[in-house]
Amino acid sequence: MKNTHLTSVAVGAIMASGVASTALADGHATELTLCWAAWDPANALVELSKDFEAMSGHKMNFEFVPWTSFADRMLNELNSGGQLCDLMIGDSQWIGGGAENGHYVKLNDFFDANGIDMGDFIPATVTGYAEWPKNTPNYYALPAFGDVVGWTYRKDWFERPELQEEFKSTYGYDLGVPETLQQLTDIAQFFQGRDIDGTTVYGAAIYTERGSEGITMGVTNWLYNHGFLYENPDKPYDLDGFVNSADAAAGLEAYKALYDTATPPGSSNWYMGENIDAYRSGQVAMQMNFAFIWPGVEADEKVGGGKSGYFPNPAGPSGQFAQLGGQGISVVAYSEKQDAALEYIQWFAQPEIQSRWWELGGYSALSAVVEDPSFVQSQPYAQTFLDSMAIVKDFWAEPAYADLLIPMQERIHNYVIAGEGTAQEALDGLVRDWTEVFEDEGKL
């Protein structure tokens, strides 16, 4: 692979002679504010950014917002033309709105001038986090944090001989990492209500949250693998028969069946944090969650140290896919410190910085990092991360993303959790909702 990234020496020379002149031009360092979600990777980025402060002379400030209010807070900031954020690590679905509404600076010329090649990053992260329109070389972000929905399981429980024997006698195959969604459901049902070391445990913690994006980020892992498509591949925004196909409805029914038969009591509004808590406290045999949690699992004295294992979202009848997470880092168009913000992106793109990002608990999207022969041995979850990033799909990244998300959250939650109507009716209603959004957008 051709590596066109600048070395640290070259970056330092450029910063000293040109780009970095903004730092001390008036005798004072520039203060930059980076906005992101409040979660473990943000803490790792604070630590990493100390290197940037030392190299550039700039001071980094951070505005971190909990995931449950992150979209509302930061999209309002962008839509109002606010100047709080100089750099924004925005969610993958925001890229369309960020580009079309003029919130993000287009980075093509900057990338070209500084030897930053999008071909050096995992292709799915470029498409998911950086490009608009999709599959065109128009870049409004640098891939910052690769993430994907995957699974964590109690490897120590799975390896107990008495459980292995009972499971095989019941289901006819070995208890282990599930290869299909049906096997995952079998395993979850096997553990549901089981006594483990004097404690009643449950099968799986899955995404069910209604208020932001939770249940959508969960159910898509079933829908994709049962044949759901967002639109006709040959006709954009043609939804009927693709969003609401009979196969997609079967996937939605299967997700509801898992919720009804193999999840903890009271888990009707769970997302990332609740799933983490349930797993770490020993309530569940498996948890659905984004890959960002895996470093914390490994470090946890109750479930780390070889007690846990990791696997990609299993296959369904129509293929094997997983819901993309993760984010790109963008320069906010309303910032008065864009030159300094671009310096940060230039620094962050360096291979040595990306390698340290991975070491600190960040998920690098740079191919040179993840394709290094030592990568898969660097962490117990490294191979699962690679396997998962190879099967990703994402929710709409349209500028009307929020208007598309709200009805999906409502219709899926009403069916899966509240038991209202049928799966087919839920998806038929979603087609009507989304069609109305695209009509309002002038795309139909």
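Count them by the grid rule and you get 3 cavities of 30 Å³ or more. Here a cavity is a set of points, on a 1 Å grid over the protein atoms alone, where a 1.4 Å probe fits but cannot get out. Points are joined across faces, edges and corners, and a volume is the space filled by probe spheres set on them.

Keep in mind that this is a predicted model, where local features need pLDDT of at least 70 and side-chain atom pairs 80 or more, while totals for chains, interfaces and linings use all residues. Numbering runs from 1 along each chain as its sequence is written, and side-chain values use heavy atoms, with hydrogens and water left out.

| Largest cavity | Value |
|---|---|
| Volume | about 90 Å³ |
| Lining | 15 residues |
| Share from strand E9 (residues 322-331) | 4 residues |

Asp91, Glu213, Phe290, Gly325 and Gln327 lie nearest its centre. Domain 1 (6-146 + 325-393) and domain 2 (149-323 + 400-440) both contribute to the lining, so this cavity lies between them. The domain bounds come from an automatic or database assignment.

Now for Ser49, which sits in helix H3 (residues 40-56). Leaving out residues up to four places away in sequence, Ser49 touches Met60, Phe62, Tyr344 and Trp347, with heavy atoms within 4.5 Å.

Notes
On a 1 Å grid over the protein atoms alone, a cavity is a set of points where a 1.4 Å probe fits but cannot get out, and a pocket is an open set with protein on both sides within 12 Å along at least five of seven lines; lining residues have an atom within 4 Å of a point. Helices (H or I, at least four residues) and strands (E, at least two) are DSSP runs, numbered from the N terminus.
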